[in-house]
Every structure is written in C-alpha cells, then in structure tokens.
Amino acid sequence: MSTQTKHEERKKRIILIGRSTAGKTTLCQRINNEELRYYKTQTVQVINQNMIDTPGEYLERRGFRGALVVTSADADIILMVQDATEGGTMFPPLFCSMFSGKPCVGIVTKADLASEEQIERAKQYLKDAGAGELYVTSAVTGDGVNKLVEDLHIL
Ligand SMILES: Nc1nc2c(ncn2[C@@H]2O[C@H](COP(=O)(O)OP(=O)(O)OP(=O)(O)O)[C@@H](O)[C@H]2O)c(=O)[nH]1
Ligand SMILES: [Mg+2]
C-alpha cells in the first residue's frame, strides 16, 4: 500500500446506475478484486463504504427516479453503466441533469462480448445522456478497470 499522508485525497464515493444486468455489481466485484459471482441486487447496497450499488429497477421504473437522486446525494461521482451488447439504452437524453451538476461518468461494460460498433453505440448513448468522461471496461478480463479506479480515486 502507498504511504498515506494526511494531505492525501480521500477515496471518492461513487454510485452505480444502470439497467438490470448492465454489470454494476460485477464491476464492483472486479474493482474490489473479489471472485465474480452473480446475484441480483435487490436493494441499494453500500460496498466498502464508498461504492453505492443500485438495483436496475431504480433506473427502469420512472417512479424510482426520485429515489436515485436522493440516494446519489452521498456520492461524489455518478457512474452510468451501459452494457455494450444491449441494443438500446434506459438512459434518457440529458439524464445527468437530474444530478444538478455532479460529475457523471459513462461506463461501457461487457467489452469482451462486444464489437467495436457496439462499443461506439454504447458510448454514444452515454454521451447523449450527458456523461462526461467515458470508460470502456470488461469485468471478466479486467480491461479498463484499473484506469477507472485510478482516474476516479475509487480505492
Ligand atoms: N462477459 C461479461 N459478462 C459480464 C460482465 N459484467 C457483467 N457480466 C454478466 O452480466 C450479468 C449481470 O451482471 P450484474 O453485475 O449482476 O448486473 P447488475 O447491473 O448488477 O444487475 P442488477 O443487480 O439486476 O441491477 C452476470 O451474469 C454477469 O456475470 C462483463 O464485463 N463481461
Ligand atoms: Mg446488481
């Protein structure tokens, strides 16, 4: 572990938002170097004190959008998680404006299963929704995950 100084920036708090099966929980497991195992997220879960994992339903059901905004109040950064293999998106245009200026980062998942075209399409969905920086990742191969962790100071 690197030498800690009192000036060192604290870990950033992130919230992961995306439809069911987008790969939010699996990405958290990869970030934490845990064994990848599937379970359906049933409720908001705080992992390692700084990662807020949400169930896909929070994005899919319009009536839950308010809950997303409230739950994100504790987060420094919004992670919008988009499956590269999905032929559509649940993120409406300008989705990010709901979070009143908080940084919104776009994460494309399942790059290991997707073509270049699919990855580009997923990035475009995220841009349309208002994401700033974009990261292309695979929780299975680990591609793109270290860069994400380092750039955003997640660990
Ligand atoms: N090949 C591949 N499969 C992935 C990747 N990420 C997630 N998966 C698979 O996709 C499925 C859903 O992943 P989850 O991480 O549980 O999805 P989620 O977004 O947490 O879904 P909810 O909890 O329902 O909101 C699982 O079977 C994962 O193994 C990836 O990068 N590559
Ligand atoms: Mg989950």
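Select Met80 and show its contacts (heavy atoms within 4.5 Å): not counting residues up to four places away in sequence, Met80 touches Ile17, Phe91, Phe95, Cys96, Cys104, Val105, Gly106, Ile107, Leu126, Ala129 and Ala131. The model is predicted, so local features need pLDDT of at least 70 and side-chain atom pairs count only at pLDDT 80 or more, while totals for chains, interfaces and linings use all residues. Residues are numbered from 1 along each chain as its sequence is written, and side-chain values use heavy atoms, with hydrogens and water left out.

Buried means under 20% relative accessible area, exposed means over 50%, and partly exposed lies in between (1.4 Å probe, protein chains only).

**Helix α1**

Select α1 next. Six of its eight residues are buried, so α1 is largely enclosed by the rest of the structure. The buried ones are Lys24, Thr25, Leu27, Cys28, Gln29 and Ile31. Hide the helix and look at what covers these residues: the cover includes β1, β2, β3 (51-53), β4, β5 and α5 (145-152). After α1 comes Asn33, with a positive phi near 55 degrees.

**Cysteines**

Now show the cysteine sulfurs. How many disulfides does a search of the whole structure find? The search finds zero, a disulfide being a pair of cysteine sulfur atoms within 2.5 Å. For Cys28, the nearest cysteine sulfur is that of Cys104, 17 Å away. Cys28 counts as buried, at 1% relative accessibility. For Cys104, the nearest cysteine sulfur is that of Cys96, 3.2 Å away, and Cys104 is in no disulfide. Cys104 is also buried, with a relative accessible area of 8%.

**Salt bridges**

Switch to charged side chains. With a salt bridge taken as a side-chain nitrogen of Lys or Arg within 4 Å of a carboxyl oxygen of Asp or Glu, the count comes to seven.

- Arg10 and Asp76: the side chains meet at 3.2 Å, N to O. Arg10 is in the segment before β1 (14-17) and Asp76 in the loop between α3 (65-71) and β4 (77-83), 66 residues apart. Asp76 is partly exposed, at 22% relative accessibility.
- Glu57 and Lys40: the closest N and O atoms are 3.1 Å apart. Glu57 belongs to helix α2 (residues 57-60), and Lys40 to the loop between α1 (24-31) and β2 (45-47). Glu57 is buried at 19%, whereas Lys40 is partly exposed at 30%.
- Lys110 and Asp83: the closest N and O atoms are 3.2 Å apart. Lys110 lies in the loop between β5 (104-109) and α4 (116-128) and Asp83 in strand β4, so the pair ties together parts 27 residues apart in sequence. Lys110 is partly exposed at 24%, and Asp83 is buried at 8%.

As a last stop, select Arg19, Glu60 and Glu86, which are linked in a network of salt bridges.

Definitions and conventions:
Chains are lettered from A and ligands numbered from 1 in the order in which they are written. Helices (H or I, at least four residues) and strands (E, at least two) are DSSP runs, numbered from the N terminus.
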